[in-house]
Amino acid sequence: MSVAVKNNKRPFNIFRWFFSTGWRHLVGLAVCTFAIFPILYILSTSLYPNNDINNTTALFADISPANYISLFDQESRPFGRWYLNTVYIGIVTSVGSVFLSALAAFAFSRLRFKGRRPGLLSLILMQMFPSILGLVAIYSLLSDVGRVFPILGLNSQIGLMMVYLGGSLGAGTYLMYGFFNTVPKEIDEAATIDGASHARIFFSIILRLVAPILAVQMLLSYIGVTSDFILASILLSDPNSLTLATGLQQFISDPYSKDWSMFAAGAVLSALPSVALFLALQKYITSGLTGGAVKG
Amino acid sequence: MAGKKIRSWGEAGPSVSGTLWKLGVLGTVDAIAVTMIMVLLAQELMMQAAISIAVLIFVNWVYLRKGGLPAKYLTPGVLFLIVFQIYVLLFSGYTAFTNYGSAHNGDKALAIQTIKNAAYRIVDGPDYTINLVKDDADGSRAFLMTNNIDGKVFIGKDGELPLPVSQNMYTLSEECADKYAEDTETCAKAALRAVGYTTQDPNNLSFVDKAKYLDIRVITDPANPNVGLRTSEFTIALPSESTLVYDETADTFTALVDDDYGVYYAGDVFKPAEDGFYRLDGVLENAKLDGGWRVEVGLKNFETIFADVQLRDPLVKVITWTFVFAISTVLTTFILGLFIALVFNHDKLRGKKFYRVIMILPYAFPGFLSAYVWVGLLNRENGFINTVIFGQDPGSEANFPWLLEEGPARLAVLLVNLWLGFPYMFLITTGALQSIPSELNEAAEIDGATGWQNFRLIKLPLLLISIAPLLIASFAFNFNNFTIIYLLTKGGPADSGITDYDVGGTDILITFVYKIAFSGTGQNFGLASAFSILIFIVVATISLISFRRTKKFEEIV
């Protein structure tokens, strides 16, 4: 594929340039158009001040913040509330799951004990069971628990967060185990000799050394949790407790009160943090991809 | 090696602040756990309480004893794993062998309660506004009842006649007895408290407590104990006639009257039958009472999957499409991603970074939002794709039916998934291409290989070694890609063929299973779980075999 043109002293020839490099720009432009037009469309829709958006044919025909303003005073669809719920659930879950996986991964990576190998093996096996297949069990578990402890049952955010936590631990621990193994053991051996306790080695040495990875892990987990639709849609039902993934669809699911402009504005605001985080951390995320993570 | 200590940890004693932290966290956990155990005991859930106490003691032992370091790090994660993965796995496995579903949604006690709660009909007589109370003297449950016509107040206990309460012994509620009363000053008010009784808020009652209040029948005529005042939502008691009576020792329901709907006649006896229903004389084919319990049904759910004629055609169609969908998605995204990676893998190309940022936007955009956005783009009458890109008339019903007919809907699903997935493939193939040593290219060129030969015989095989596991993971992920199918088409368009099952043109296995479990009138958790197990086996087998083969692949090269 790569046709090496080594001689730089030849005079510039537009045809030669086109056949070697220029056509690549054409491909690039075509692919970029394909990639970006749905996003431009939703952005344009969100800025179009008239509900009847589907009748516009030009992107960005008119620009106004009206939809964004009225998005926050819908009584039956509390968008602001959903936003806060999503951020809250996302942060608690991602921090919690990274911390719990780090604890377990530390044991697997640094300590030797009976059942270590079977433990690791069952972690690998368990991640193969897609959590979506456990829906019935999760639903029934929460409905039973909720009869005694309503705060942990159906329609409770704490219940949902526990489910997310439990579901992400298997894969999380296994990933983190790999990262911990990259930290040389000599470091903690030296610390032990200097009199550090195990807790100190874990919190002040290992966790600090893998901090960038922990941060990326947390962000990926945050993005995963906040885009979950199915668990949230089954477990949450009260309009005030919904997340963005389940709430936003209300703008377009009811055939009698579809509101595409409102939905578009909500979608743009919901996507902003994810997209911004993703672009900012592009480098780390893409290098972690080849480690086997598949985005949901 | 197992059990042998390799290095000695923590020979230095723990620091004071560390110990304080530990005790603080452990104390908080203990406090919460003890509160929960008290609640369990109060609800008479002895087994659950016993298990919780055992776990609590175990956790404290792990953290307070010396040594046993691995357990200290593993316990929190393992507890979560046991509840949310191991329990979930085992429960799914068990459910597959039961008839669990909306008609059989709990244990037998719950079924009995459900039948009892429905076994009455309203008769003529005065009704009462009630508050739930507990007798301070003996803890028995009662209604504090206010007659809605003359305002007289009574205490009503199960199986007893109402006991009048004199005026100075009760206090009235501030709110109107009638919630919709217009004049809140002069409206009739019901008694809220009575001396010697504690008023209960129905919202704070446990399930067990509620059931006990629902059982109360305050008799009004000693000669006819079948007629009494009962409540169904804890605010009003209506004169009702029991239609069935439950005999605890014989475990039977006996009909007291002829059923209004002709299901049973006075004197009929209903006994528990094998299929988890109370049936007339306990015989399987006979009439049943609504409200069943969960029973084990052996391999019946699996028989349904493999032998039910109703299910066969839709299932074959769904399975075929699941494979077509997963394989096509992997192939199309991989080919497009690889093509772009090859095009961009050129030293002299400027602006690569710019292209890259734009191209990974679909990957960075949250998946559920993308699906919704595409639903709008693909709208038949006014969607951007039809009206702008293909220049069809806005609002016309003759436009291309994306998402509305089977063929176009399948095409649309694949197109959207290509949009979602190609950036990921572009990123990973770029990485893999860059890791191929450039000497290999140069050697091939010197040997006279054409560009295509170089790609097909050198780059592609090397690429596949590192990418193959990711392609398999992508296949496994798309095999169960619920979000994209469900949010785009809900599995539709609905199949017009007549079958008992709700199945549509773009349904993949997982959306089909979801519908069996959670949508429609007949939720069938047992059948859905049986499907889940089969899907797990399929995905796990494919993953394991493929991983093995890719390892062999590696050894050859």
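A definition is needed before any distance between domains is given: the domain bounds used here come from an automatic or database domain assignment. Please also bear in mind that this is a predicted model.

With that in place, chain A is divided into domain 1, residues 14-64, and domain 2, residues 74-289. How far apart are the centres of domain 1 of chain A and domain 2 of chain A? Taken over C-alpha atoms, the separation is 34 Å. The contact between them draws on 8 residues from domain 1 of chain A and 7 residues from domain 2 of chain A. On the domain 1 side, 4 of the touching residues are nonpolar and 4 are polar, with no charged residues.

Let me turn to the secondary structure.

I come finally to chain B. The contact between the chains takes 79 residues from chain A and 96 residues from chain B. Which element supplies the largest share of the chain A side? That is helix α1 of chain A, residues 14-47, with 13 residues. By class, the side of chain A that touches chain B comprises 49 nonpolar, 24 polar and 6 charged residues.

Thank you for your attention.

Terms used: Residues are numbered from 1 along each chain as its sequence is written. Chains are lettered from A and ligands numbered from 1 in the order in which they are written. This is a predicted model: local features need pLDDT of at least 70, side-chain atom pairs count only at pLDDT 80 or more; totals for chains, interfaces and linings use all residues. Two residues are in contact if their C-beta atoms, placed from the backbone, lie within 7 Å. Ala, Val, Leu, Ile, Met, Phe, Trp, Tyr, Cys and Pro count as nonpolar, Asp, Glu, Lys and Arg as charged, and the others, Gly among them, as polar. Helices (H or I, at least four residues) and strands (E, at least two) are DSSP runs, numbered from the N terminus.
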